[in-house]
Amino acid sequence: MKVEVVETTLVAPSEATPRHRLWLSNLDLAVPKTHTPLVYYYPAPPAAEPAAGAEAEGFFAPGRLRDALARALVPFYPLAGRLAAGPGGRLEIDCNGEGALFVVARADFTGDEMFTDFEPSPEARRILVPFAASGEPPCVLAMIQVTFLKCGGVAVGTGMHHVTMDGAGAFQFIRTWTGLSRGLDAADLSPSPPSHERTLLRARSPPHVPFEHPVYSPSYLNGLPRPFVTRVYSVPPKLLADIKAACAPGVSTYCAVTAHLWRAMCVARGLPHDAESRLRVPANIRQRLRPPLPSPYFGNAIVRDLVTVTVRDILSQPLGFAAEQIKRAVARVDDAFVRSVIDFLEVESEKGSQAARGQFMPETDLWVVSWLGMPMYDADFGWGRPGFVAPAQMFGSGTAYVTQAPDKDDGTGGGVSVLFALEPEYLQCFEKAFYGSE
């Protein structure tokens, strides 16, 4: 599969924007210094011609997307800046308005060939998302590629630097960009513009760390890089109901599906029963702080916690046991816990230590990110909702995303999708365990 780049431009904000250095919080600095690659697939409209004809008819006209992007970069102006090093080498954003990278490409493959059984991979990222040689200063922060497919469909690939935002922030930006492309006004899209006041997450002076935070210790990410492949596993409504029924009433989808995934991983990897398995759980803190962060807060507002359970308990206890451990870990992330994390990262930084940014976990461990409730399928540029949305690449074995399932052609839905990166030799056993035929 190949793509031919037709156009490469820098898109600056359509109006003058503030010029300053934007301070980054400890939570911004605790994420991988990479661009997060995401791809949106839009099937061809019923009467679409091949790619060149689609462009001529205005389907995903690049000019319309560029103009909307320039307007979206006005309220989201940090994305038009560059990563920079500030005092003491601490990373910050130079809000200089230089612009986001915008690429138009033409592919020699169809949407069915790429997306019928899509697998996130380095190859998918190379084809569908612009490439950045480095995530270090002075790199571009926002990169977008619009790829016209052989069938007349379109793929929109985005690469947003992780220090700029978390998943909620990414979809907040996409919602604005797509809404502007549909002809809406920015004021219609959000009652208030994005909040860039990241000093709301500044550490206390002096720092106070009443909790332990081993999940941020590099020693807990001491696994070696291992070859892995990524699969997208469908959890239809019936299977989801069965999984939740095996847990306590009222269990969240995330806790139940993650517990089920955890058990299947332990089975597939044949972990010793007396080994400890650690699950990394991310929690959105926007509403957990007191007072809460502004609802349009734009930045990284995710705190990680750790659940440690023996493999024996994961496999022998009812599924609800693991789900309850996950629920407790998420629930304990309150204002005091979050402030303790921020202060812990400050203390570690002052000692010259870096927070664990990598994702090379030992084989016993699992990292599950929830995009449930995210408006990922609301990304309508004016030609309909995407048929499929997913990361273009995963970054380590044992990492997973739990997302809502794509809309079905008949309008039904209700299930979820699990994207899971695992060593290829364990795939067959994992799938048997995950779908209940071990």
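**Helix crossing and salt bridges**

Modeller: Helix H3 (residues 62-72) packs against helix H6 (residues 167-181) at an angle of about 130°, with the axes 8 Å apart. This is a predicted model: local features need pLDDT of at least 70, side-chain atom pairs count only at pLDDT 80 or more, and totals for chains, interfaces and linings use all residues. Residues are numbered from 1 along each chain, and side-chain values use heavy atoms, without hydrogens and water.

Colleague: Why is H3 called oblique to H6?

Modeller: Under 35 degrees is roughly parallel, over 145 roughly antiparallel, 65 to 115 roughly perpendicular, and the rest oblique. The angle is about 130°, so H3 is oblique to H6.

Colleague: What makes Asp166 and Arg286 a salt bridge?

Modeller: The term needs a side-chain nitrogen of Lys or Arg within 4 Å of a carboxyl oxygen of Asp or Glu. Here N to O is 2.9 Å. The pair ties together parts that are 120 residues apart in sequence.

Colleague: Is Asp166 buried or exposed, and how do you know?

Modeller: Buried means under 20% relative accessible area, exposed over 50%, partly exposed in between (1.4 Å probe, protein chains only). Asp166 has 4%, so Asp166 is buried. Arg286 has 8%, so Arg286 is buried too.

Colleague: Why does Glu136 count as partly exposed?

Modeller: Its relative accessibility is 36%, so Glu136 falls in between. Glu136 meets Lys33 in a salt bridge, 3.1 Å from N to O. Lys33, at 23%, is partly exposed.

Colleague: How many salt bridges does the whole structure hold?

Modeller: The search finds 19. Arg21, Glu92 and Asp94 are linked in a network of them.

Note on methods: Axes are lines fitted to C-alpha atoms, for helices over the stretch in contact, and angles run from 0 to 180 degrees between N-to-C directions. Helices (H or I, at least four residues) and strands (E, at least two) are DSSP runs, numbered from the N terminus.
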